[in-house]
Amino acid sequence: MDAAASARVMTMAAVSVVVPVYNERESVPQLYTELAAAADAHPDARDWEFVFVDDGSRDGTWEALVDVQRRDARVRAIRLKRNFGQTPAMACGIDAARGELIVTMDGDLQNDPADIPRLLATLDEGYDVVCGWRYRRQDALSRTIPSKIANRLIGWLTGVALHDYGCSLKAYRAAAIKRTPLYADLHRFIPAMSTLTGAAITELKVNHRARAHGRTKYTTLARTWRVALDMLTVALLIKFAQRPLRFFGLLALGVVAATAAGLLQVWHGYVGPVGFIPQVGAGVVLLGIWLAGHLVVVGWVAELCLATAHGGPARMVASGGD
Amino acid sequence: MEPTTSVIMLFGSRYEDLESICLSLRRILTPLAPGYEVILVDEATGPQTQIRMRALRQQFPEVRVIRLRRHMGESTALAAGVQAARGEILITLDPYLHVALEDVPKLLEPLRNGTDLVCAWRFPRREGVLSRAASAAFNGVARWLTQVPVHDLNCRTRVMRREVFEALPLYGDLHRFIPIFASRRGYRWCEVQVPQQPGKRELGAFDMRSYVGRFLDLVTLAFLSRFLKRPLHFFGLMGMASFAAGAAMFAYLAYLKVALGAGIGHRPLLLLSVLLIVVGIQIASIGLLGELMIFTHARDLKDYVIEEERGGDDP
């Protein structure tokens with residue numbers, strides 16, 4: 001086999017499983033065994049790759065990964081310079097993945113790799129994103145109740161109703177996920193964000209297991225506030241990222257209407273009971289005019305920003321799925 | 001042979017004695033990094049320097065000169081120098097020669113055991129009290145803002161792997177903050193104490209304008225390090241607070257007008273409440289604009305730095 005052909009074989013993979021791990025030394029061997037079992041049950045077992053991203057662990061996770069990698073060439077272990085957080089680690093794995101289908105999951109063994117074949121089969125039915133739904137969650141109520149509320153809110157705000165936004169076990173077509181903007185803490189909102197690229201989304205009930213090793217890396221209360229802000233951000237982006245000028249234009253029209261009403265009131269006072277134009281009232285009307293102008297300009301700059309983005313969401317939608 | 005080490009110097013009219021600098025570099029660097037190169041970035045100085053440069057290049061073949069069309073700020077000039085540099089290890093020199101060239105090997109030392117960036121920390125200082133106090137305050141505020149233990153951001157004598165410089169978003173005067181950005185991205189870095197040389201006094205060290213400039217740089221740093229990825233979190237909250245205050249006042253006035261029938265058209269509170277509402281919407285909309293910029297470029301902004309990778313390419 002010549003070099004080019006072998007390079008082609010190496011760079012193509014049927015399925016990439018992306019697993020960010022942070023201080024999961026004890027979970028790694030079992031996780032690998034279960035992943036390998038899931039792959040071996042699949043017709044293209046040889047063309048799988050398991051991309052483990054070590055997000056700056058300090059407990060020997062890296063050594064465990066290297067050990068697993070030596071045993072199986074399908075394993076790729078990537079170590080980050082420091083602990084960057086779940087979303088960047090996930091983004092790193094997705095960027096590195098070479099598969100046409102990409103599966104993401106947590107490294108804490110709470111997701112069950114045995115569910116992967118079913119997720120892949122659902123992708124084959126013509127979906128771009130299949131989200132896991134932990135319908136029997138093995139977590140404390142203090143985590144499941146806020147999460148239920150959050151799922152409802154996200155679904156209502158973004159128009160993508162899913163039962164379980166927080167489940168990391170998801171399967172994607174590479175084309176859909178690689179185009180989805182992924183930054184800050186937004187990995188939770190990948191399904192909602194991917195609608196911007198025109199992806200077809202569905203969900204599938206998956207198994208959820210209690211934590212076997214280590215402890216959860218989340219602190220619920222501190223997180224809630226930021227998740228709420230993220231939720232608003234995503235909702236706003238989805239609402240207006242397609243047509244910012246229309247979004248801001250509508251706002252500006254509302255302001256103009258309110259201003260016109262104020263103007264009438266001031267005029268009515270001038271010709272009628274008051275007999276002069278109150279300076280404060282006139283000031284309010286001027287502020288309204290100013291705000292309308294500001295909103296139109298901001299909408300216009302937002303349009304410019306989208307139009308000049310190369311490969312940004314504006315283009316993604318225009319080009320459709322591929 | 002491709003050079004492995006590149007020394008980058010910016011010069012306007014500050015270096016008088018380039019020949020002796022080049023000679024010292026030869027003496028110091030030849031044993032450590034044979035085949036180094038010197039990149040001089042000429043920030044649009046007059047025609048005499050071009051003649052001097054030509055003479056210098058004849059005497060020192062390791063020197064290369066990059067000429068900028070106009071003065072564009074130190075970070076841009078540095079970036080131009082790095083772009084032209086061929087070495088894997090970059091040495092940038094302080095334009096005021098506060099660090100003796102003899103101390104450069106001390107900075108190269110830590111690179112051998114995996115450090116990515118080494119910064120000179122001028123200590124002890126040989127400056128006036130005022131200048132020392134200003135510097136301590138500047139570094140203190142930067143430490144407080146970023147939680148990165150930096151001690152001498154204003155000393156530009158640094159040694160780094162090329163990768164570090166290329167990973168950082170530098171423009172304007174942000175090269176000062178190289179250690180902060182590098183440590184945020186996970187690069188290993190350290191400071192090495194070197195005694196300050198008498199050198200030349202920093203131009204405008206007691207200049208009010210340079211203090212204001214540095215202060216504004218710190219503000220930029222605060223934004224870049226805390227809110228770069230989440231503009232809407234910051235501006236959105238500020239906007240919401242202003243909007244809520246304005247709306248509360250407005251509701252109070254509406255109550256007076258509708259329930260009690262009092263006139264409100266002459267009350268300054270009306271103007272204030274509407275002003276707060278307008279300002280709130282403005283701030284939030286600018287935040288949304290910022291968020292949109294991050295959003296559209298998110299795929300290009302890599303949030304992570306890879307330390308090492310096993311598997312994948314090797315069969």
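This is a predicted model: local features need pLDDT of at least 70, side-chain atom pairs count only at pLDDT 80 or more; totals for chains, interfaces and linings use all residues.
Local features need pLDDT of at least 70, side-chain atom pairs count only at pLDDT 80 or more, and side-chain values use heavy atoms, without hydrogens and water. Residues are numbered from 1 along each chain as its sequence is written, and chains are lettered from A in the order in which they are written.

In chain A, helix α10 (residues 244–271) packs with helix α11 (residues 279–308) at an angle of about 170 degrees, the axes being 8 Å apart. Because angles over 145 degrees count as roughly antiparallel, α10(A) is roughly antiparallel to α11(A). The contact of α10(A) with α11(A) has 20 nonpolar, five polar and one charged residues; Gly is counted as polar, and Asp, Glu, Lys and Arg as charged.

In chain B, strand β2 (residues 37–42) and strand β3 (residues 63–67) run parallel and are joined by five bridges, where pairing requires at least two DSSP bridges. B:Asp42 lies opposite B:Arg67 of β3(B). Together with helix α2 (residues 47–59) of chain B, β2(B) and β3(B) make a right-handed β-α-β unit; with the strands pointing away from the viewer, the path from the first strand over the helix to the second runs clockwise.

Over all chains there are zero disulfides, a disulfide being a pair of cysteine sulfur atoms within 2.5 Å. The sulfur of A:Cys131 has its closest cysteine sulfur in A:Cys167, 8.2 Å away and therefore too far for a bond. For B:Cys22, which is in no disulfide, the nearest cysteine sulfur is that of B:Cys155, at 19 Å. A:Cys131 is buried (under 20% relative accessible area), with a value of 0%, and B:Cys22 also counts as buried, at 1%.

Key. Axes are lines fitted to C-alpha atoms, for helices over the stretch in contact, and angles run from 0 to 180 degrees between N-to-C directions. Helices (H or I, at least four residues) and strands (E, at least two) are DSSP runs, numbered from the N terminus. Angles under 35 degrees count as roughly parallel, over 145 as roughly antiparallel, 65 to 115 as roughly perpendicular and the rest as oblique. Buried means under 20% relative accessible area, exposed over 50%, partly exposed in between (1.4 Å probe, protein chains only).
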